[in-house]
Amino acid sequence: MNQFLSFLLFSLLFTNIAAAQSVGDTAIIPRSHSSLQKADTLTKDSLPAKHIAPAITKKPLQDTGWEINFSVPASSPAFTWQVLRHHPYFGFKTKPTSPTTQNIKQFAGKELLFYLLVFLLIIFGFLRNAFPKYFSDLFQLFFRTTLKQRQIREQLMQTLLPSLLMNGFFVISAGLYITFLLRYFNLTPVDNFWLLFLYCCVGLSVAYLVKFLGLKISGWVFNMAEVANSYIFIVFIVNKMIGILLLPFLVLLAFTTGNIYAVSITLSWCLVAGLLVYRFILIFAAIRNQVKVNPFHFFLYLCAFEIAPLLLIYKALLQFFNQTA
């Protein structure tokens, strides 16, 4: 009996110890990594993860038409071309496409006019640097009267080369300006701009050549060579200044439109008219110092020999071009 009670007590005690050990072991066993990752995903990421497919390059189709020609060496261009024709990515064996033909766009602008103006500016700069003394005396004599005016005039008359070159410069500059004026007033006898420009230059050259010869002959006939020389000198000095001062207006008239063009052409009229009036005043003062001339007679001379010939030449040209057209 005592043995039975002892065995029963020992069994109960062993059962309690085993139960206590199973509870403690369960408390200290850590959770697995998958359960932790699952819990972390549920707590931190509220949105489902997006599945991204990896970038996989598709394998090219197998070429079944490959034929190896062993008679062709590997270093020859034929073998290289054979390899290129069976390239899996580039179609070297396909027929090349011909490029589409397009009409060439033609630009009809003012390139020649631009080059002409650049040429005029270059020529003026070259003459200005090549003959600095001539230009200094020219501006000094034109813009102010000095005690050495007669001496400066003689120096200018002796320098024939720059004077001749500046006369040619005036012909081109004034001819281009007259061309712009004729096109502005729609008085063009021809439609071609450059042909009209050529006619204006030739007309100016002929007009002043006739005037020069006429004055020389008149001075020799009436024994007034000094008066004729003074007249010719003043005319061509003012012409040279007109050719120089018209340069900025030529640029504006060539490449501007609208209000700027209208203002430019109006200012150029005022400039040319003022220079011509100034020329007449200088001529009258030079002639009056040597010959007694009535102002009314001088005005009649201007109308007969300055204005009327220009109108007659223009009228003759209009009739000539109308008949040829």
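The chain contains twelve helices and zero strands. The model is predicted. Along the sequence, the order of elements is α-α-α-α-α-α-α-α-α-α-α-α. Of the 325 residues in the chain, 25% are buried. Among contacts with a separation of 6 or more, 66% are between residues 24 or more positions apart. The accessible surface amounts to about 24,300 Å², and carbon and sulfur atoms contribute 68% of this area.

The packing of two helices is described by the angle between their axes and the distance between the axes. For helix 4 (residues 111-130) and helix 10 (residues 247-255), the angle is about 170° and the axes lie 11 Å apart. Because an angle over 145 degrees counts as roughly antiparallel, helix 4 and helix 10 are roughly antiparallel to each other. On the side of helix 4, the contact involves Leu 113, Phe 114, Leu 117, Leu 120, Leu 121 and Phe 124. These residues meet Leu 247, Leu 250, Val 251, Ala 254 and Phe 255 of helix 10. Classified by residue type, the contact of helix 4 with helix 10 comprises eleven nonpolar residues, with no polar and no charged residues.

Within helix 10, the residues Leu 247, Phe 249, Leu 250, Leu 253 and Ala 254 are buried. Viewed down the axis of helix 10, the buried residues fall within an arc of 155° and therefore line one face of the helix. The buried residues of helix 10 pack against helix 4 and also against helix 7 (160-184), helix 9 (225-245) and helix 11 (258-290). Leu 247, Leu 250 and Ala 254 are buried in helix 10 and also take part in the contact with helix 4.

Definitions and conventions:
Residues numbered from 1 in each chain as written. Predicted model: local features only at pLDDT ≥ 70, side-chain atom pairs only at ≥ 80, totals over all residues. Heavy atoms only, no water. Helix = DSSP H or I, 4+ residues; strand = E, 2+ residues; numbered from the N terminus. Buried < 20%, exposed > 50% of the residue type's maximum accessible area, 1.4 Å probe, protein only. Contact = heavy atoms within 4.5 Å. Areas by Shrake-Rupley, 256 points an atom, 1.4 Å probe, with all protein chains shown as cover. Axes fitted to C-alpha atoms, helices over the stretch in contact; angles between N-to-C directions. Parallel < 35°, antiparallel > 145°, perpendicular 65-115°, else oblique. Nonpolar A, V, L, I, M, F, W, Y, C, P; charged D, E, K, R; others polar. Arc of directions from axis to C-beta.
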